[in-house]
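Biologist: Please take me through this structure, one topic at a time.

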Amino acid sequence: MIRVGPAGWSYPDSPGRVYPAGLPRRFDVLEYLSGYFDTIEINASFYAPQPPRSYASWSRRVAGNPRFRFTAKLWQRFTHGPAPPGRVAVPREGKFEPWSSADVELVQEGLDVLRRDGRLGAVLAQFPWSFRALAPNLERLERLAADFAGWPLVVEVRHGSWADRRFALALKRLGLGFCNVDQPVIGESLGPTAGATSQIGYVRFHGRRYDRWFDTREDAAERYDYLYSAEELVPWVERIRKVAGADGVTDVYVIMNNHYEGKGPANALMIRSLLEGRRVPCPPQLLATYREQLDRFVEVGNDEGSGRRTERN
């Protein structure tokens, strides 16, 4: 099954763009969006391990959609290094400081709630561009695979040095999935791929802001200020289908990380429509925001009840 959805569900620029502004405080954004998408990538888990009660709450709130599965970003402690909660670690030159068994247990304790509920689709280990195909980094992947054996772990790398068949074979041997990325292809950056190395296929869209991609400021949200055109998405439809048709693949997750001003949800509906060959339900406010881009791909969803699942054919 191919599931398409946005990265995250709570952004300060979403009211008035993805859903109406001025809604009551009890309005549940996650429940609402689960009426339109079959997956959403959890971002909070990247910045700090999330407690079981948070995962239990998220699981309850998507109960109206039996097809819904979360993907969750792995805590950056495993991919970037130590950092204060809420801030992104900046990988230092030199030897990576290993994580502990307690770190592993802390992360798995929360994720296990989703797994028991049948709501966990994949865990994404998102490595930075500076993570290159070097022997110590391959050793880190081996340890990661051992510590998360039995979990649907997927690896995202962004440096072009990983574009090697030997890397794909290593991921298969380790039981790790591969994340295909659309990103600004600058210098040695990894270009578009259509690979799968486990039962889980994964595709992530970051936008194509070449002018801001390597902006390291913490408030550099405009890195993701990019709305894909239909013409830019069409080649990816074939890549996604190729991933879904690879031997052994059972589920594919397509995540739009170009979240700025609701562009990710808009593009997620466009690519879902292209994959399914039909118009798909759309939040009315989102259609009003991006009518010119969405008009031929969507139909207005039913917002009655603010969060009830939209019926689909």
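Biologist: Among contacts between residues at least 6 apart in sequence, what percentage join residues at least 24 apart?
Modeller: In this protein, 73% of those contacts join residues at least 24 apart; a contact means heavy atoms within 4.5 Å. Please note that this is a predicted model, in which local features need pLDDT of at least 70 and side-chain atom pairs count only at pLDDT 80 or more, while totals for chains, interfaces and linings use all residues. Residues are numbered from 1 along each chain as its sequence is written, and side-chain values use heavy atoms, with hydrogens and water left out.

Biologist: How many helices and strands does the protein have?
Modeller: There are 10 helices and 10 strands. Both are DSSP runs, numbered from the N terminus: helices are H or I with at least four residues, and strands are E with at least two.

Biologist: Why is the protein said to be as compact as a globular protein of that length?
Modeller: The radius of gyration is 19 Å, close to the 20 Å that the globule rule gives for 313 residues, so the protein is as compact as a globular protein of that length. The radius is taken over C-alpha atoms, and the rule is 2.2 Å times the number of residues to the power 0.38. Along its principal axes, the C-alpha trace spans about 55 × 40 × 40 Å.

Biologist: What percentage of the residues count as buried?
Modeller: Of the 313 residues, 54% count as buried. Buried means under 20% relative accessible area, exposed means over 50%, and partly exposed lies in between, with a 1.4 Å probe and protein chains only.

Biologist: Now the sheet. What is the order of the 8 strands?
Modeller: The order is β1-β8-β7-β6-β5-β4-β3-β2, in an open sheet with parallel pairing. Two strands pair if DSSP finds at least two bridges between them. The edge strands, β1 (2–6) and β2 (39–42), each pair on one side only. From one strand to the next, the twist averages 25°. Such angles run from 0 to 180 degrees between N-to-C directions, with axes fitted as lines to C-alpha atoms, for helices over the stretch in contact.

Biologist: How many bridges join β7 to β8?
Modeller: There are 6 bridges between β7 and β8 (residues 251–256), and the two strands run parallel. Within that pair, Y202 stands opposite Y253, and F205 stands opposite M256. β7 also pairs with β6 in the parallel sense, over 4 bridges, with V181 opposite R204.

Biologist: Which residues of β7 are buried on each side?
Modeller: I200, Y202 and R204 are buried on one side, and G201, V203 and F205 on the other.

Biologist: On to the helices. Which residues of α6 are buried?
Modeller: In α6 (residues 165–174) they are F167, A170 and L171. Seen down the axis, these residues fall within an arc of 100°, so they line one face of the helix; the arc is that of the directions from the helix axis to the C-beta atoms. Their cover includes α5 (135–147), β5 (153–156) and β6. R165, R166 and R173, on the other side of α6, are exposed.

Biologist: What is found at the start of α6, and what follows α6?
Modeller: At the start, a side-chain oxygen of D164 reaches to within 2.8 Å of the backbone nitrogen of R166. After the helix comes G175, whose phi is positive, near 75°.

Biologist: Which helix lies across β2, β3 and β4?
Modeller: That is α4 (residues 101–116), which runs at about 150° to β4 (120–126). The buried residues of α3 pack against α4, and also against α1 (29–33), β2, α2 (44–47) and β3. In α3 (residues 52–61), these are S54, Y55, S57, W58 and S59.

Biologist: Last topic, the loop between β6 and β7. Is Q183 buried or exposed?
Modeller: Q183, which is found in that loop, counts as buried because its relative accessibility is 3%. A polar atom of its side chain lies 3.1 Å from the backbone oxygen of R158. Leaving aside residues up to four places away in sequence, Q183 touches R158, S189, L190, H206, G207 and W213.

Biologist: Where does E188 lie, and which residues does E188 touch?
Modeller: E188 lies in the loop between β6 (177–182) and β7 (200–205). At 45% relative accessibility, E188 counts as partly exposed. E188 touches W129, R132, H159 and G160, not counting residues up to four places away in sequence.

Conventions: A polar contact is a pair of N or O atoms within 3.5 Å; within protein, one must be able to donate a hydrogen and the other to accept it, and residues adjacent in sequence count only if both atoms are side-chain atoms.
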